[in-house]
Amino acid sequence: MRARTRLILVAALCAIISVHAQEQDVDGAKDHPMVSRFPGYYISAYDAQDFGGYEFAIGADEQRVEGRYWKIEYMLKEGAKKGGPLEIGRNYSSTFTQRSGQKVYEALTSGGGRLTARMPAAGKNIWLEVAVTDGGQIYTLTIVEEAALVQQVEFTAMELAKQLKEKGAVALHGILFDTG
């Protein structure tokens, strides 16, 4: 009987630890440097890329934006006060509009929805989408800082030799020589 009681106690303790561990930010995740998270939420999924693209809602249409990309999903912690979809969305929108940004699109209800905002910074735009689901239990920030692709793949000497052998000529652009 004592062994059974201990086993039940250990199982309950493991369940509590497991739930608490699940409410930690995923490994390597962090908030975007320009916006903090809504209180009472943790990062459940995270993706950051040096160059990515996203289709932001701008009314009935969408606009593709490319550059530094973040997608951060937040979930409500057990026992924490839930933010409503409108409250969450408007908090982020307000953060952008206070810094000379503008709300571009809003379709939020008490059940969820999404909001798009844009803010100028250092000669480019930073785009934000707040997508709220499940009445505010989960929300996702998608942020793209406009930037051009940094070319990292180059035309190799082997490819140059292959083109010369096959075609007898190669067009090279962007090669500049000093004058004189």
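This is a predicted model: local features need pLDDT of at least 70, side-chain atom pairs count only at pLDDT 80 or more; totals for chains, interfaces and linings use all residues.

Residues are numbered from 1 along each chain as its sequence is written, and side-chain values use heavy atoms, with hydrogens and water left out.

**Exercise 1.** Find out where Lys-81 is found, and whether Lys-81 is buried or exposed.

*Solution.* Start with the elements: helices (H or I, at least four residues) and strands (E, at least two) are DSSP runs, numbered from the N terminus. Lys-81 is in the loop between β2 (61–76) and α2 (85–97). Next, take the accessible area: buried means under 20% relative accessible area, exposed over 50%, and partly exposed in between (1.4 Å probe, protein chains only). Lys-81 has a relative accessible area of 65%, so this residue is exposed. Finally, look for contacts (heavy atoms within 4.5 Å). Leaving aside neighbours within four places in sequence, Lys-81 is in contact with Pro-39 and Leu-76.

**Exercise 2.** Classify the ring pair of Phe-38 and Tyr-41, then that of Tyr-74 and Tyr-139.

*Solution.* A pair of aromatic rings is described by the distance of the centres and the angle of the planes. Rings of Phe, Tyr and Trp (its six-membered ring) pair if their centres lie within 6.5 Å; planes under 30 degrees apart count as stacked, over 60 as edge-to-face and the rest as tilted. This rule gives six aromatic pairs. Phe-38 and Tyr-41 are 6.0 Å apart, centre to centre, with 75° between the planes, an edge-to-face pair. Phe-38 is buried at 11% relative accessibility, and Tyr-41 is buried at 1%. For Tyr-74 and Tyr-139, the centres are 4.8 Å apart and the planes at 20°, so this pair is stacked. Tyr-74 lies in strand β2 and Tyr-139 in strand β6 (residues 138–146), so the pair ties together parts 65 residues apart in sequence.

**Exercise 3.** Which residues touch the most other members of the largest nonpolar core?

*Solution.* A nonpolar core is a set of buried Ala, Val, Leu, Ile, Met, Phe, Trp, Tyr and Cys residues joined through side-chain atoms within 4.5 Å. The largest one has 23 residues, and Ile-88, Tyr-92, Val-130, Tyr-139 and Leu-141 touch the most other members. At least two core residues come from each of β1 (41–58), β2, α2, β4 (113–121), β5 (124–133) and β6. A second, separate core has six residues, including Tyr-54 and Trp-127.
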